[in-house]
Amino acid sequence: MKASDFAEVAPLSLTRRDLGGDCFVRARKRDLERLSTEVMQLREFLPKVINGDFIDVLHKARSLDSLREERQREQLRQECLHFRSRLEAVLTKLQREREEKLVLREQLWECREQLQQQAQFCTGLGAASCTVLWSASCREEAIRDMLADVSQPLKMVTQLTEGKLEPFLTVAGQTLESFIKSLDEEETPQQQNYNSHEHQFVLALAGIITNVAAVTCGRDFISSSALILLDTLMQLLGLMKQGVFPKLKVLMLMALYNVSISVKGLTYISESPTLSPLICTLLEDQDSEVCLQTLRLLQSLLVEGDVAMRLRPLLQHSLPLGRVRQLASSRHPTLSRTAQETLEDLGCLASAEKDQ
């Protein structure tokens, strides 16, 4: 290869030192001629390629890009308007629901007031009706009429009441249970409202039950068809605290005592596992009438020999004899006499056991 085949050109990358001097690099003359040819060809063909159509296409492309961006902005604007309209609709609906809620709340308060008024009216009516029935049930003939056989000639009042005693006693037991279980645990005897319709209502119900059990046919009916009522009475007496509605306790104890006069009723009551602790608890009550009725119920249990012998082990270990002796020294004459009789009965029971 000849030296004439090379030409000298400036270097592709130069430093500051190189720029200051005459520095060259060698390149093939053929490569330089090829490069010059390509440049000339580009100068010749480039105007033919980049003509007006290409420029129009380029402008159209740019216009399309602008149009697409504008459409996207328009679409976003429409979506924004759509969401705004939905938001306004939701806010309008929310406001309407708030207004409806206020109206419903007012109606609810009105209904509560009406319901409370109706409840007070029904309670007052029930108290008045049961008080009248309580007074009427003091007559033995009224209890017999309630339990009279259908085949017998009945009066109009008997025809209306016949067959209703069992469901009445069931409702009475449920009402007593609801009333006692609704008592506030923190309620003190001073806070009790003895004149309330509720208290008068349950008091009358307990009085009716007591009067029904005071009649032979009535206590036999309870001993055979209202055993759940007896369980409820003993359970509720155990739930009531000392000093809470003592008159209601007295009536419930009187009802149990009246039922215990029947052999079947006495057997059922004595078999209850809650009876012995119940008697021990009630003897500690500060109300003299509660203690008196508890002692009478205990006496009724001690009268029947078989029942007394069965209960003696339980009473011997749990019965507070010291409390009974204290009651025997009470200034209340009936309570003192009944407590002394109870001690005598317990002494006779102990002597009979030793003789055996």
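Guide: We'll take a backbone angle, a loop serine and a surface patch in turn. Keep in mind that this is a predicted model.

Visitor: Where does phenylalanine 245 lie, and what is its phi?

Guide: Start with the general idea: most residues other than glycine have a negative phi. Phenylalanine 245 isn't a glycine, yet its phi is positive, at about 45°. You'll find phenylalanine 245 in the loop that runs between helix H9 (227–239) and helix H10 (246–260).

Visitor: Is phenylalanine 245 buried or exposed?

Guide: Buried means under 20% relative accessible area. Phenylalanine 245 comes in at 4%, so it counts as buried.

Visitor: On to serine 137. Which loop is it in, and what does its side chain reach?

Guide: For polar contacts, look for N or O atoms paired within 3.5 Å. Serine 137 sits in the loop between helix H3 (52–136) and helix H4 (140–146). Its side chain gets to the backbone oxygen of tryptophan 134 at 2.7 Å, and a 2.8 Å polar contact links it to the side chain of asparagine 211. Leaving out residues up to four places away in sequence, serine 137 touches Ala142, Ile143, Ile208 and Asn211. Serine 137 is buried too, with 2% relative accessibility.

Visitor: And the surface? Which residues make the nonpolar patch?

Guide: Leu32, Leu35 and Val39 make it, and the patch covers about 220 Å². Take leucine 35, which lies in helix H2 (residues 29–49). Patch residues need over 30% relative accessible area. Leucine 35 has 48%, so it's partly exposed.

Note on methods:
Residues are numbered from 1 along each chain as its sequence is written. This is a predicted model: local features need pLDDT of at least 70, side-chain atom pairs count only at pLDDT 80 or more; totals for chains, interfaces and linings use all residues. Side-chain values use heavy atoms; hydrogens and water are left out. Helices (H or I, at least four residues) and strands (E, at least two) are DSSP runs, numbered from the N terminus. Buried means under 20% relative accessible area, exposed over 50%, partly exposed in between (1.4 Å probe, protein chains only). Patches are made of residues with over 30% relative accessible area and no salt bridge: like charges are joined within 9 Å, nonpolar side chains (Val, Leu, Ile, Met, Phe, Trp, Tyr) within 5 Å. Accessible areas come from the Shrake-Rupley method with a 1.4 Å probe; for residues, only the protein chains shown count as cover. A salt bridge is a side-chain nitrogen of Lys or Arg within 4 Å of a carboxyl oxygen of Asp or Glu. A polar contact is a pair of N or O atoms within 3.5 Å; within protein, one must be able to donate a hydrogen and the other to accept it, and residues adjacent in sequence count only if both atoms are side-chain atoms. Contact means heavy atoms within 4.5 Å.
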